[in-house]
Amino acid sequence: MSDSLLRESSAHPLECVINVSEGRNSALIEAIALAAGSSLLDVHTDPWHNRSVLTLAGRDVEHAARSVADSAVGLLDLKDHAGAHPRLGVIDVVPFVPVRTGPAAAVPPGAAGPAAVSLSFALAARDSFAAYAATELGLPCFLYGPGRSLPEVRRRAFVTESPDIGPATPHPTAGAACVGARDVLVAYNLWLAVDDVVLAREIARSMRRVEVRALALELGGRAQVSCNLVEPWRFGPADAFDFVARRAPVARAELVGLLPLSILHAVPGDRWSELDLSEECTIEARLAERRVAP
């Protein structure tokens, strides 16, 4: 991204939610997270998935994302990785997301009007990061965004589709990266109280729709329905919990990363604890806590 565009984009703040393929070695996770500097809002680590989700935001988010990528590629080796979550590389997914705060936070994606959020700066950041990762780190990068989903990329990468930028074959230790531009989604896991992965698969299959992607996973002998709520204004955490609970007892819910305050406020307050939600897990609260300029 050019310097002029970087200056212009400071008025259009971005979030970057980097998924790193390491969830067990705390020293490595800490070193990679430290590379984000003051842009780091949250780290969610899962040893069963063997994955960490780093939420970055603020005006330096693009520089922070590059620093995290540098650190992860230098420290991690995909050949040593084993975990339940699908992955293509050590920095597996790098989506850039418009930060939705103030009036824009209540506007559903795709809506028109003065508060609507454009993906143009997220797309520019995506392309700039992918060019950097390909050139400086030797990473093959697959791009996703409007018109091309992350699941499509995962299915086709190195099978029917070549990288959009970078080497034609995976990096020997770091694999490849999926670099995207998208609107807000909420990553949300629901652990079943019964150890029935077949049932979890049936639930995940019936749950899939435009608003939600779902996988069933067996984690240490326990069944989990792992969701990406891609239209959380229409199908949010409470909807996901209730959908699963109508079909199987739910042991607990787990929010992965952060969510906008407007999505939290769409859920009755007396359900927040049950759904693993709180004001402290919102993007707005973390920005205020870190005193990061949005």
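Me: Which residue does Arg213 stand opposite in S9?
Reply: Asn228. Keep in mind that this is a predicted model.

Me: How many bridges join S8 to S9?
Reply: Eight, and the two strands run antiparallel. S8 covers residues 212-219, and S9 covers 222-229.

Me: What about the turn in that hairpin?
Reply: Two residues sit between the strands. Gly220 there has a positive phi near 60°.

Me: And how does S7 pair with S9?
Reply: Antiparallel, over six bridges. Ala187 has Asn228 as its bridge partner in S9.

Me: How many residues of S9 are buried?
Reply: Six of the eight, so the strand is mostly covered.

Me: Switching topic. What's the strand order in the six-stranded sheet?
Reply: S2-S3-S1-S4-S6-S5. The sheet is open, with mixed pairing.

Me: Which strands stand at the edges?
Reply: S2 and S5. Each has a single partner strand, so one side of each lacks a neighbour in the sheet. Twist averages 15° from one strand to the next.

Me: Who pairs with S2, then?
Reply: S3, antiparallel, over six bridges. One of the pairs puts Asp42 with Thr55 in S3.

Me: Which strands does H2 lie across?
Reply: S1, S2 and S3, at about 160° to S2. H4 lies across S1, S4, S5 and S6, at about 155° to S4.

Me: Last one: is Ser39 buried or exposed?
Reply: Buried, because its relative accessible area is 4% and the cut-off is under 20%. Ser39 sits in the loop between H2 and S2. Its contacts beyond four places in sequence include Thr55, Leu56 and Asp60.

Definitions and conventions:
Residues numbered from 1 in each chain as written. Predicted model: local features only at pLDDT ≥ 70, side-chain atom pairs only at ≥ 80, totals over all residues. Heavy atoms only, no water. Buried < 20%, exposed > 50% of the residue type's maximum accessible area, 1.4 Å probe, protein only. Helix = DSSP H or I, 4+ residues; strand = E, 2+ residues; numbered from the N terminus. Pairing = 2+ DSSP bridges. Contact = heavy atoms within 4.5 Å. Axes fitted to C-alpha atoms, helices over the stretch in contact; angles between N-to-C directions.
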